[in-house]
Each structure stands twice: as structure tokens, then as C-alpha cells.
Amino acid sequence: MRDTFVDLIRHGEPRGGTMIRGVGTDHPLSPLGWQQMREAVGDAAPWDQIVSSPLARCREFAAELACRHQLPLIVEPELHEISMGCWEGRRHREIAISEPKAFINFFSDPAVHRPPGGETLDALLTRVGHVYDRLIDQHRGRHLLISAHAGVMRGILGHLLKAEPRHWYRIRIDFAGLCRVRHDRFGAGIQYVNARRMRDLPLD
């Protein structure tokens, strides 16, 4: 059987500027965000299937790409970004002023100190790991593109690497950053993390 390839792409810059965004903040891409995504993908279309988070900053580009290349699109509800609780949609500076201790604790150790009412990283790992395994089972020997979020991508990579959540934040994932995973007879191998252009990702 052919190897299975999965490309993960983070959404581009959303409208609204810098803030805490999770599942409850559904902003579309900014003009710069659209440019970032189009430049990252270019004219490439090596995929058999596109899968997307339901949030607009991922879904709208995935839908455009699927339409442009006549590719099937699945909108997967469980690939939404992690919940950031009562910090959703708030500016970093605002939280740093109103909740300084919680803000410092979060950025010192986000695996332990989650925003009030937010989803835990263990819960995220269970959620996205289950979805990812199901997608691989359903699409063996094919090439998938998953349009998602930094949190979701870190959760998937953590799932594949069997890495504890406290280590995930060592992984940098920029706007429109790309990762490639290859599943072969030896298991899953992460070939590239945070590439800026699809043409930079090897298929061998």
C-alpha cells in the first residue's frame, strides 16, 4: 500500500489584531491572512482530500482551495481550536493588567495554568488524537491537507510524538506554517515542521 501523507497548515492572520483566540472567537482571515495562505500553498494541489476546522479562519480558505482544485472537503467539528475560557477575544495587555498572576502563570507553564474555564491540553490531546487516527484509518494511502490551528497542530504532533503537553510549546507554528507527516510501514514520521511554502516540503 502507498504511504499516507498528511499536510497540516495553520490559518493565516485573522481580522481583529492580536488577541487571545480559541473556539469562541470566530474571526475570518484578514487580507494579509489570505495572502499568507495563498503564498504558502501557491499552485500546489497534491492532495486527495482537504479537511478543515469549522472556524472561519480555517474553513473559508479550505473551501476556496477545494473549489479551485475540485477536491473534496470535510469540515470536521472536533478540529476546532482549544477553548480559552473567559480570556476569549481579549487583548493580552488587558489580561496582564486585570489578572497579572494568572497571566504570568499561563505564559510560564500553559500546560498547568489554563485560562479560567478553558479546555485542558489533555482534553485537547484526546479530542484531536481521536479525530486524527480516524482520518488516517479512513484515508490510508492518500494525501490529506488539514487546515487547522496552532493548538490543534501542536496536539496532533504531540499525539504522534507521544510528547507530554508541557513540551508542546517548544514547537513554533507561524501563521500559514506548514507541517508534513508521513505514515509508512515503520509508523508515523514528521518530515517537516513550520515550513513557509508548500514547495519546500519533500515527498520522499
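Helices here are DSSP runs of H or I with at least four residues, strands are E runs of at least two, and both are numbered from the N terminus.

I'm working from a predicted model, where local features need pLDDT of at least 70, side-chain atom pairs count only at pLDDT 80 or more, and totals for chains, interfaces and linings use all residues. Residues are numbered from 1 along each chain as its sequence is written, and side-chain values use heavy atoms, with hydrogens and water left out.

**Aromatics.** I searched the whole structure and got five aromatic pairs (rings of Phe, Tyr and Trp, the last by its six-membered ring, with centres within 6.5 Å; planes under 30 degrees apart are stacked, over 60 edge-to-face, the rest tilted). Trp-87 and Phe-106 have ring centres 5.5 Å apart and planes at 85°, so I logged the pair as edge-to-face. This pair links distant parts of the chain, 19 residues apart: Trp-87 sits in the loop between β3 and α3 (92-98), Phe-106 in helix α4. Both Trp-87 and Phe-106 are buried (buried is under 20% relative accessible area, exposed over 50%, partly exposed in between, with a 1.4 Å probe and protein chains only).

Next I looked at Phe-103 and Phe-107, which are four residues apart in helix α4, about one turn. Their ring centres are 4.7 Å apart with planes at 55°, so this pair is tilted. Phe-103 is buried at 15% relative accessible area, while Phe-107 is partly exposed at 45%. Ring pairs join Trp-87, Phe-103, Phe-106 and Phe-107 into a cluster.

Most residues other than glycine have a negative phi. I found Gln-70 with a positive phi of about 55°; it lies in the loop between α2 (56-69) and β3 (73-75) and is exposed, at 67% relative accessible area. Lys-162 also has a positive phi of about 55°. I placed Lys-162 in the loop between α6 and β5 (178-184), exposed at 74%.

The largest pocket comes out at about 720 Å³. A pocket is an open set of points on a 1 Å grid over the protein atoms alone, with protein on both sides within 12 Å along at least five of seven lines, and lining residues have an atom within 4 Å of a point. Of its 31 lining residues, Arg-10, Arg-21, Glu-81, Ala-150 and Arg-154 are the closest to the centre. Helix α6 gives the most to the lining, three residues.

Notes:
1 Å grid on protein atoms, 1.4 Å probe; cavity = no way out; pocket = protein on both sides within 12 Å on 5 of 7 lines; lining within 4 Å. Points joined across faces, edges and corners; volume = space filled by probe spheres on them.
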